Amino acid sequence: MVNRNDVARLAGVSTAVVSYVMNGGPRVVSEEARAKVVAAVRELGYRPNGLARALKLQRTAVLGIVVPDSSNPYFAELARAIEEAAHAQGMTLLLGNSAEDPARELAYLSTFLNGRVDGILVVSSSRSPDIIDLLEESGLPSVFVDRSPVGNQHSAIEVDNRAGGREAMAHLLEHGHRNITVMVGPSAESDERMEGALEAVAGRDDVTVRQTSYVRIARSAAYAAAREILATDDRPSAVFTIADELAVGVLRAAADAGLRVPEDLALVSFDGIPEAAFTAPGLSTIGQPFARIAQEAVDLLMAMVDSDVPPRRVVLPVALIRRGSCGCPDNLCIT
């Protein structure tokens, strides 16, 4: 079995340098030495997870999480749920906001690694090779949440985006809509939701589906786009947004255009943030199970911290929450 000594011998460095590279510190390693260690790890097929844990003098009882946009209600709710799950296991959670910037995301991850957290949860805005390489080289337990990298070599917790998109579109069809616009974002998850929506209308010649894309999920962008769409002669009778954040912008645009929701424009979104229940009318949305996502993510990460477990990918179901924006009864239940 390949061990740290083998890596050090092939790289021509000390075992201490191998340790520093694998753990992201505590001492700084030159780029040349780091490159040699990384090359040796890849050539030997060395799996550093067990080593990284063994080299820890003690547990810190601290986890790190990086989210793309802490101002987005979806990521705020997800981070809150994860903090609750971590706290229940006696762990403190440190949060970094990458602001959808890959360089900033990488900087936060490096800081967490150097700060000796026990594990990292990543809601990655980029899933860039640099970020994946950094996590692999550190050997620190990590779990991707919501936005998972390509392949099955990384642990990840995600939801069934395709099924959610399919259910949202099918529900609009049930309400009799045949001219529908789908508002999508820049992520692979958004693409999956769009693909599911198109599956629901496959073979339907009587249905027109148009797509509007955004480089960033923001209600202001959705508002501007919806104002243009709703001003056309062939405006849609319904809109499916792949995020509740976009739906809020559409609701305001409809109101400013003098359109009633759902009588003149039906609306279904995706995420299930708490605020969706308090819009007027309430948003019909594909609800994500925040508490379960958080519990699964923290449980998996802690299992990786405590022992060697193989990478695992968990896909959780979603469910349509019917409210007034699609034409269903709009009853607000406050618990």
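The chain carries 32 positive and 43 negative side chains, and the centres of the two sets lie 4 Å apart. Lys and Arg count as positive, Asp and Glu as negative; His and the chain ends are left out. Each charge is placed at NZ of Lys, CZ of Arg, CG of Asp or CD of Glu.

This is a predicted model: local features need pLDDT of at least 70, side-chain atom pairs count only at pLDDT 80 or more, and totals for chains, interfaces and linings use all residues. Residues are numbered from 1 along each chain as its sequence is written, and side-chain values use heavy atoms, without hydrogens and water.

The table gives values for the chain.

| Property | Value |
|---|---|
| C-alpha trace along principal axes | about 70 × 40 × 30 Å |
| Accessible surface (Shrake-Rupley, 1.4 Å probe) | about 15,000 Å² |
| Carbon and sulfur share of that surface | 51% |

H87 is exposed (over 50%), with a relative accessible area of 55%. H87 sits in helix α5, residues 73-88. Helices are DSSP runs of H or I, at least four residues, numbered from the N terminus. The C-alpha atoms of H87 and V62 are separated by 9.9 Å.

The largest cavity holds about 180 Å³ of space. Among its 16 lining residues, F75, R147, R193, I217 and A243 are closest to its centre. A cavity is a set of points on a 1 Å grid over the protein atoms alone where a 1.4 Å probe fits but cannot get out; lining residues have an atom within 4 Å of a point. Volume is the space filled by probe spheres set on the points, which are joined across faces, edges and corners. Helices α5 and α9 (188-200) each supply at least two lining residues. The largest share, three residues, comes from α9.

Terms used
Buried means under 20% relative accessible area, exposed over 50%, partly exposed in between (1.4 Å probe, protein chains only). On a 1 Å grid over the protein atoms alone, a cavity is a set of points where a 1.4 Å probe fits but cannot get out, and a pocket is an open set with protein on both sides within 12 Å along at least five of seven lines; lining residues have an atom within 4 Å of a point.
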